[in-house]
Amino acid sequence: MIQTVSTTPFDDQKPGTSGLRKKVRIFAQPHYAENFVQSVFDSLEGFAGETLVVGGDGRYLNREVIQIVLRMAAANGFGRVLVGQGGILSTPAASHLIRSSGAFGGLVLSASHNPGGPDEDFGIKYNVSNGGPAPEKVTDAIHARTMTIDSYRIVDAPDVDIDSIGTSRLGDMTVEVVDPVALYAELMESLFDFPAIRAKIAGGFTLAFDSMSAVTGPYATEIFEKRLGAPGGTVMNGTPLPDFGHHHPDPNLVHAKELYDRMMAADAPDFGAASDGDGDRNLIIGRHCYVTPSDSLAVLAANAHLAPGYAAGLKGIARSMPTSGAADRVAEKLGIPLYETPTGWKFFGNLLDAGLATICGEESAGTGSDHVREKDGIWAVLLWLNILVARGESVATVMADHWATYGRNYYARHDYEAIATDKANALMAALRGKLDGLAGTANSGGTIRSADDFAYTDPTDQSVSRNQGVRILFEDGSRVVFRLSGTGTEGATLRVYIERYVGVEGDLAMATGDALAPLVAAAQELADIEGFTGMDAPSVIT
Ligand code: G16
């Protein structure tokens, strides 16, 4: 029985960098999730009788919103919905399921690396038929619809059993509950040399993978422990919990400290890694050797041909603008193009679809390839393992060799979190206001060569995205970039990205903090961060 429910718009449903993310208490308001889901459906055309994929990272509210999506999908005319068992689908597994099932699209329920629980965050993201996040023209249409919506359609029916694999009916629609792990694990097995990795582990190579009580637990247990034979306990925090066991599931040096400490101990495993709430990010730490996400992208690109799935080489590399230029040097050496996009995985989709790029990556701990249309944490870990096995070297040796070949991009990101939004906007406005006069001036970081606000023209459809971050470029190739995060749910987060390149003749073994100190001072001078925010130090350095 289809009901049409009257509603009024909420004025805060503009999707950010990656879908709509809000506090649970906001999402739990009557009609809030329904309005957004209906706005998504109202922005799409031609889905009658088609397939929709639904799943999430298991966080608080996941199961309730899945039931809402099922009833609304039935009322709006979808023919079939594929749901991960228990409501679980990692973001890369959702992307793969959309692609492999020929679905019209999918709703991914996650707030990614943000904490979960009744007082924490929830999110909904729409992915299109290529398996990737909806491009801006779709998210803009969704946002426009949220501003005018006056009703939504929903079937009046009891909850669907999403815990048992199998098929049921909801109105005229079929609901298929599928194993969230099997298809994804098969895809990984098709890309990497599992027998060689398995043999290496059997020979004593040790690893630790921290799932941070989030979605990758079942995936990591199946792949690392079952299929690759790593001993039980290799996967840490492997059960997905609605509040992530109070972990902040952001795989960085602050929130994955348990793993970091283990990897720096005298008896550390050979290889350590972590993923985030929804399984698309990755943190790589070798024994006594942390790898920055930007360096990880460069190393993966330089060595990808060692894995069977990439033996034919890469067509191109893409990175977000704030990501370091380490990958640019690899692209140059390989003689392939390098694309610089705004922050947000959605900008890689067109490049991957057009066959312009094979591997993409971001400073925010995301790397992936054309195997799906999302970044993929476990994929990055497996590619690293495949490379280490093929080279027969440790992470530290691979990194030292990489820097000796390409030079080193010292890099850090300083985040200033929970700033009052008006103050953050004032800081960015003041910075933008002085961009024109900066070239040729000098500060603690050296002489500025150019300064601009990054704009991107997509080479496949010529769409233009402006105001994507303020770049201050120095004569020696160093950079400071400022932008406001598009994924936070509390006030504003200022991100300051700091990079200094040292060539192969220079000192490749400095402490990152020492290498970047003059540029950190320059960032303060340029943006008066303390003056605008009252904060004399960043909340998080990654
Ligand atoms: C999302 C996007 C990424 C982006 C990251 C940080 O990741 O998919 O492309 O780099 O947010 O964005 P921001 O700097 O605007 O906070 P995730 O893992 O949160 O989905």
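Okay, hi everyone. Before anything else, please keep in mind that we're looking at a predicted model.

Let's start with the ligand. Where does the ligand sit? In the largest cavity. So who are its neighbours? There are 19 residues around the ligand, and the closest are Glu 362, Arg 483, Ser 485, Thr 487 and Arg 495. If you sort that shell by class, you get 10 polar residues, 8 charged ones and 1 nonpolar one.

Now zoom in on the arginines. Arg 483 has a side-chain N or O atom 2.6 Å from an oxygen atom of the ligand. Arg 495 puts a polar side-chain atom 2.6 Å from a ligand oxygen too. And for Arg 281, an N or O atom of the side chain is 2.7 Å from an oxygen of the ligand. How much of the ligand does the protein cover? Taken on its own, the ligand has 470 Å² of accessible area, and the protein covers 99% of that.

You'll find Glu 374 in a loop, the one between strand β18, residues 366–369, and helix α13, residues 377–391. Is Glu 374 buried or exposed? Its relative accessible area is 1%, and buried means under 20%, so Glu 374 is buried. What does its side chain touch?

Last stop: helix α2, which covers residues 32–42. Why do we say α2 is largely enclosed by the rest of the structure? Because 10 of its 11 residues are buried. Among the buried ones in α2 are Tyr 32, Phe 36, Val 37 and Phe 41, but also Asn 35, Gln 38 and Ser 39.

The α2 residue I'd like you to click on is Glu 34. With a relative accessibility of 13%, Glu 34 counts as buried, because the cut-off is under 20%. In sequence, Glu 34 and Met 72 are 38 residues apart, and in space their C-alpha atoms are 7.9 Å apart.

Methods. Residues are numbered from 1 along each chain as its sequence is written. This is a predicted model: local features need pLDDT of at least 70, side-chain atom pairs count only at pLDDT 80 or more; totals for chains, interfaces and linings use all residues. Side-chain values use heavy atoms; hydrogens and water are left out. A residue is near a molecule or strand if one of its heavy atoms lies within 4 Å of it. A polar contact is a pair of N or O atoms within 3.5 Å; within protein, one must be able to donate a hydrogen and the other to accept it, and residues adjacent in sequence count only if both atoms are side-chain atoms. Accessible areas come from the Shrake-Rupley method with a 1.4 Å probe; for residues, only the protein chains shown count as cover. On a 1 Å grid over the protein atoms alone, a cavity is a set of points where a 1.4 Å probe fits but cannot get out, and a pocket is an open set with protein on both sides within 12 Å along at least five of seven lines; lining residues have an atom within 4 Å of a point. A molecule sits in a cavity or pocket if more than half of its atoms lie within 2 Å of its grid points. Ala, Val, Leu, Ile, Met, Phe, Trp, Tyr, Cys and Pro count as nonpolar, Asp, Glu, Lys and Arg as charged, and the others, Gly among them, as polar. Helices (H or I, at least four residues) and strands (E, at least two) are DSSP runs, numbered from the N terminus. Buried means under 20% relative accessible area, exposed over 50%, partly exposed in between (1.4 Å probe, protein chains only).
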